[in-house]
Amino acid sequence: MLRPITTLAFIFIAAFTVASLSQYFDVHRIFNMTSNYGLGTSPFAGYLERAQPFPNPHGFEPQRSDLRLAVLRNAPVEPEGFTLALFANRVAVDHNGHVFTLMEEDFDGILDLATVTSSLPQTGNFRNQWRIKQDRTSFPIDRILVPKSILGDQLAQNYEEEYDEVSVYGFDKNRRELQEPVEGLNELPAPLFELTGLALEARSKKGEEKDQLVLDKIKAILANAF
């Protein structure tokens, strides 16, 4: 015979259910909201322009335990490309190896987007790709990696043990239609659309000299993910 639920247990279950439902509806609201990033209106657009240059970039020693977000690129001309990394204490490293300290609201906002995208449905495609409908082939794949927990000093043999990965094939700021629907979604979800566009701002300063010393440090801690 089942024992009656105590008042305290009932309150706990009710509170947990309300919190879970609240989180569910909030996340799905974010998944389906309209993103205006294609119009350049993301509140975090221009985050690197607002950032402060790191005072001594060659003195920056990135630690795996401090990594919060990494964005990589696979393309025919750049099979092991690096785009952006965010570390604790609001440190950002861009595609050229330039080091910045982000404004708090930009850093937190970008990581919030990363957290939401990590909760998106799995696509079933290689590297969890969301594939944009394009008129041709051979587009880049932009890969977003979020550590599942604080990373240890040693690289795992399989990077998938360490990161939640979401990637976008053929990203285009003016196009969100998917090649094939994913869990009933016909367009790239707004948070992933916005986050990918923001990450690619780290590639916007083409032609600038790269700081290979910094890039080598970053690639060393991401070596198992390339």
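Tutor: A term to start with: helices here are DSSP runs of at least four residues, numbered from the N terminus. Note also that this is a predicted model.

Student: OK. Which helix does Glu 194 lie in?

Tutor: Glu 194 is part of helix α4, residues 190–200. That helix is mostly covered, with 11 of its 11 residues buried.

Student: What is the nearest side chain of opposite charge to Glu 194, and how far away?

Tutor: Arg 176, at 9.1 Å. Glu 194 is buried and has no salt bridge. The side chain of Glu 194 does make a polar contact of 2.5 Å with that of Ser 42.

Student: How many salt bridges does a search of the whole structure find?

Tutor: The search gives 7. One of them joins Glu 162 and Arg 64, with the closest N and O atoms 2.4 Å apart. These two residues are 98 residues apart in the chain, and each sits in a loop.

Student: Are Glu 162 and Arg 64 buried or exposed?

Tutor: Both are buried.

Student: And what does Asp 142 meet in a salt bridge?

Tutor: Arg 73, at 2.9 Å from N to O. Asp 142 is in strand β7 and Arg 73 in strand β2, so this pair ties together parts 69 residues apart in sequence. Asp 142 counts as buried because its relative accessibility is 3%.

Student: Switching topic: which residues form the negative surface patch?

Tutor: Glu 104, Glu 105, Asp 108 and Asp 112. Glu 105 belongs to helix α3, residues 104–117.

Technical notes
Residues are numbered from 1 along each chain as its sequence is written. This is a predicted model: local features need pLDDT of at least 70, side-chain atom pairs count only at pLDDT 80 or more; totals for chains, interfaces and linings use all residues. Side-chain values use heavy atoms; hydrogens and water are left out. Buried means under 20% relative accessible area, exposed over 50%, partly exposed in between (1.4 Å probe, protein chains only). Lys and Arg count as positive and Asp and Glu as negative; His and the chain ends are not counted. A salt bridge is a side-chain nitrogen of Lys or Arg within 4 Å of a carboxyl oxygen of Asp or Glu. A polar contact is a pair of N or O atoms within 3.5 Å; within protein, one must be able to donate a hydrogen and the other to accept it, and residues adjacent in sequence count only if both atoms are side-chain atoms. Patches are made of residues with over 30% relative accessible area and no salt bridge: like charges are joined within 9 Å, nonpolar side chains (Val, Leu, Ile, Met, Phe, Trp, Tyr) within 5 Å. Accessible areas come from the Shrake-Rupley method with a 1.4 Å probe; for residues, only the protein chains shown count as cover. The place of a charge is taken as NZ of Lys, CZ of Arg, CG of Asp or CD of Glu.
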